[in-house]
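Me: I would like to learn how to read pockets and helix packing in a model. Could you take me through one case?

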Amino acid sequence: MNPTAATKSAARNGKSGNPARRNGPAGRGPSQAAPATAGDWISGARLRTLPLAIAPVALGTGAAIVASGPGIFHPVRAVLALIVALCLQIGVNYANDYSDGIRGTDANRIGPARLTGSGAARPRAVLTVAAAFFALAALAGLTLVVLTGQWWLLLVGAAAIVAAWFYTGGRKPYGYFGLGEVFVFVFFGLVATTGTTYVQVGTVNTESWLSGVGIGLIAMAVLMVNNLRDLEPDRASGKRTLAVLIGNTASRVVFCLFLLLAFVIVAFFAIYYPLAWLTFFVLLLAVPAGLITVTAKTAAELVLALKLTSFAGLAYGLLLALAFAL
């Protein structure tokens, strides 16, 4: 029986397609994977996604320097904003692992094995780790609120954590209805960038808004190529990502469009910031990522495109932030 048929059969019998569920409430069984190692837990954090948490904080800090003047920098607030972004990213990665795992979505997975879906870790343990990182993000965010005195920012932080959970969690996760790209654009693009600027200088300028749009577009491209890799398994599991909704060919085109628009914004900034031209060197990563995505025939090729796009996002954020700061 093939994996898709097995999943459907399990569903008809009232059982999950996920081994963590099939083997009883403890998530353990004789045919299950070996217990997760430290390396497995580190892999579960999905480190290749972390550049997309660093980039908007760099951009927001660069924009803050523009707003406050050269040489004026708020390192403590910048570091706290970075902790918030990183912990939210790691938290949503573990939450996604947990939610997809208990639903059986990862039963047909062709990418790296997940902690919950493979049965290597108990679902409750994965959920606990996700909650711990959300708590760390909340603590760093609360510290920022105290430092700035802007208590309404608590609502923004709460919204970010709720959005992170309901990406794949809850009864009707929006990530299963083609809205994942909207989430990453808003929270890992606009909110992360403008929020970083605001907590440092109390205002948000054009540099912050537009660069937030740029890095948000790259974040959407990363999610798109990730979902393109998992298109068929997601379709079989009933997970309707944007890639599933618009299809294989359109997804590849949209991926390239996201990247192209990000560099249109760089062209605008280059008019006012001479060093912004250096950001076009990121095309040395982005163009190969686009070519690979358009021509890819295997999951391994799409994983390579994902890695290139993620590092392109980091380089984009650091170089454009440097142009602002100098």
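Predicted model: local features only at pLDDT ≥ 70, side-chain atom pairs only at ≥ 80, totals over all residues.

Me: How does the lining of the largest pocket divide into nonpolar, polar and charged residues?

Reply: There are 30 nonpolar and five polar residues, with no charged ones.

Me: Two of those elements, α5 and α9, pack against each other. At what angle do they pack, and how far apart are their axes?

Reply: The angle is about 155°, and the axes lie 9 Å apart. Angles over 145 degrees count as roughly antiparallel, so α5 is roughly antiparallel to α9. The crossing of this pair is right-handed.

Me: Which residues meet where α5 and α9 pack?

Reply: From α5 come Arg77, Ala78, Ala81, Ala85, Leu88 and Gln89, and they meet Phe188, Thr196, Val199 and Gln200 of α9. By class, this contact has six nonpolar residues, three polar and one charged.

Me: Are α13 and α15 roughly parallel or antiparallel?

Reply: The cut-off for roughly parallel is an angle under 35 degrees. Helix α13 (residues 248-272) packs on helix α15 (residues 299-325) at about 10°, with the axes 12 Å apart. The two are therefore roughly parallel to each other. On the α13 side the contact is made by Phe255, Leu259, Ala262, Phe263, Ile265, Val266 and Phe269, and on the α15 side by Thr309, Tyr316, Leu320 and Phe324. Ten of these residues are nonpolar and one is polar, while none is charged.

Me: Helix α13 also packs with α10. What is the angle there, and is the crossing left-handed or right-handed?

Reply: Helix α10 (residues 206-229) and α13 pack at an angle of about 160°, and their axes are 9 Å apart. That makes α10 roughly antiparallel to α13. The crossing is left-handed. In this contact, 18 residues are nonpolar, five are polar and two are charged.

Notes: Residues numbered from 1 in each chain as written. Heavy atoms only, no water. Nonpolar A, V, L, I, M, F, W, Y, C, P; charged D, E, K, R; others polar. Axes fitted to C-alpha atoms, helices over the stretch in contact; angles between N-to-C directions. Helix = DSSP H or I, 4+ residues; strand = E, 2+ residues; numbered from the N terminus. Parallel < 35°, antiparallel > 145°, perpendicular 65-115°, else oblique. Left-handed = near helix turned anticlockwise from the far one by under 90°. Contact = heavy atoms within 4.5 Å.
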